Amino acid sequence: MIQPANWTLDQSKAVLGALRAIASLHGTAPMSPEETQLIEGVRINILHHPEITDADESVHVKPDDLVAAIQDDEHKERAAQVLALMPYATRPFADAKTYISEKFIEALGENMHRMEDFLGARQKHSQTMEYCALRKMGRDVLGNPDPDAQSKELVKLLNDAQGDPAELARYKSLEGYPAGSLGRAFWDFYTQFDWPLPGDPLWISEDLTVRHDLVHVLCNYDISINGEFCVSGFTAGNSEKFDWMIAMLGFTPPYVSTGAQCTPADFTAAYARGENATRSFVDTWDFWPEMQQQVGDLRNAYQV
C-alpha cells in the first residue's frame with residue numbers, strides 16, 4: 001500500500017508540526033505558498049485528518065516529541081519519508097531546512113546511510129517533476145526576461161544539459177520506426193508538442209526524461225496535471241524501490257498538492273496498474289531493444 005491507513009490524531013499532529021517546523025525554521029521564517037500547499041496535501045491526502053487546524057500544528061515540535069508520538073516502525077518509516085520531502089517544496093533548496101529535516105529523520109531511527117539512496121532518489125524524481133513543468137512552458141522559457149527569477153531552477157536544468165549529437169541522431173531515427181511501435185509513438189509524443197529530443201542541447205538528460213515519457217506513451221496518459229499525477233502513481237507502483245516516496249512527490253509543487261485538477265481514483269488506479277505490471281519500467285529498464293515493438297503488444301505482454 002502507498003501508506004498506512006491508520007494515522008492517529010496524535011501521530012498526525014506530530015508529523016504536521018514537524019513539517020511546519022522544517023518549513024518555518026522552527027517559527028523564525030514565513031512559509032511559502034508551496035510549503036503550505038504541501039502540508040495541506042499531506043494533512044488531507046495522506047494522514048486523512050482534515051479536521052486538524054493550523055493552530056494544532058506546533059512549529060516548535062522537537063525530534064523527541066515526534067518520537068514520543070510515533071512508536072511503530074511502519075509509521076516511523078513513512079513519517080521519515082514525508083519529512084525528507086519537505087525541504088524540496090520550494091526552489092532553491094534550503095540547507096537549513098534539509099538540516100532540520102534530517103534531525104527528525106535520525107531521531108526516528110532511520111539509518112542515514114540507508115537513507116542516502118532515498119535522498120538521492122528524491123533529488124532525481126524532484127528534477128523529473130521540474131522537467132515536466134519546464135516542458136509545458138516549451139521553448140518560451142528560453143531567452144525571455146525573468147526579473148523575479150521564477151524560472152531560475154528550470155532554466156538551470158537546461159544550462160546543465162550539454163547535448164549529445166549521437167544521442168540526438170538516435171532519437172531522430174525513431175521517425176522511421178513502424179507505425180504503432182513504441183519508438184514511433186515516442187517520436188509522435190514529442191513532435192506534437194514541438195519538444196526538443198533527448199540529446200538536443202536545449203533539453204535535459206535522457207535518464208531524467210525518457211522512462212517517464214515512455215510511461216506516458218505505454219499507459220496513454222496525457223500531460224494534464226491529472227495525467228502527470230497518473231504517471232507519478234504508475235511509477236510509484238511500478239518502481240522496485242522508493243515507491244512511496246515517488247507517490248508522495250506527486251503532491252509537491254509544481255503540481256497542486258491539495259488535489260486540485262487531480263482525480264484521486266485515477267491516481268490510485270494508476271498505482272495499482274504499475275504494481276500489477278509484470279516488469280518495472282522505472283528504475284533500470286533498457287528500453288531500446290523494445291522500441292521496435294508495437295505498443296499494444298507490449299501492453300499485453302507486460303499486463304500494463
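**Figure 1. Four salt bridges in a predicted model.** The structure holds four salt bridges. A salt bridge here is a side-chain nitrogen of Lys or Arg within 4 Å of a carboxyl oxygen of Asp or Glu. Side chains of opposite charge can pair when their charged atoms come close. This is a predicted model, where local features need pLDDT of at least 70, side-chain atom pairs count only at pLDDT 80 or more, and totals for chains, interfaces and linings use all residues. Residues are numbered from 1 along each chain as its sequence is written, and side-chain values use heavy atoms, with hydrogens and water left out.

**Figure 2. E35 and K97 join two helices.** The side chains of E35 and K97 form a salt bridge at 2.6 Å, N to O. This pair links distant parts of the chain, 62 residues apart. E35 sits in helix α2 (residues 33-46), and K97 sits in helix α5 (residues 95-107). Are these two residues buried or exposed? E35 is buried, at 1% relative accessible area. K97 also counts as buried, at 12%. Buried means under 20% relative accessible area, exposed means over 50%, and partly exposed lies in between (1.4 Å probe, protein chains only).

**Figure 3. E40 and R43 pair within helix α2.** Their side chains meet in a salt bridge of 2.7 Å, N to O. Both residues lie in helix α2, three residues apart. That spacing is about one turn of the helix. E40 is partly exposed, with a relative accessible area of 25%. R43 is buried, with 5%.

**Figure 4. R184 and D188 pair within helix α9.** The salt bridge between their side chains spans 2.8 Å, N to O. What separates the two residues along helix α9? About one helical turn, because R184 and D188 are four residues apart in this helix (residues 182-193). R184 counts as partly exposed at 26% relative accessibility. D188 counts as partly exposed at 34%.

**Figure 5. S12 and its contacts.** S12 is found in helix α1 (residues 9-23). Its relative accessible area is 0%, so S12 is buried. Which residues does S12 contact, leaving aside neighbours within four places in sequence? They are W7, L47, H49 and I52. Contact means heavy atoms within 4.5 Å. S12 and H49 are 37 residues apart in sequence, yet 7.2 Å apart in space, C-alpha to C-alpha.

**Figure 6. The chain around these close-ups.** The chain has 14 helices and zero strands. Helices (H or I, at least four residues) and strands (E, at least two) are DSSP runs, numbered from the N terminus. Of the 304 residues, 52% count as buried. Among contacts between residues at least 6 apart in sequence, 76% join residues at least 24 apart. The accessible surface comes to about 13,700 Å² (Shrake-Rupley method, 1.4 Å probe; for residues, only the protein chains shown count as cover). Carbon and sulfur atoms account for 50% of that surface.

**Figure 7. Confidence along the chain.** pLDDT is the predictor's confidence in each residue, from 0 to 100. The chain has a mean pLDDT of 80, and 73% of its residues reach 70 or more. Which elements have the lowest and highest mean pLDDT? Helix α7 (residues 152-160) has the lowest, at 58. Helix α14 (residues 295-302) has the highest, at 97. Where pLDDT is low, the predicted coordinates should not be read in detail.
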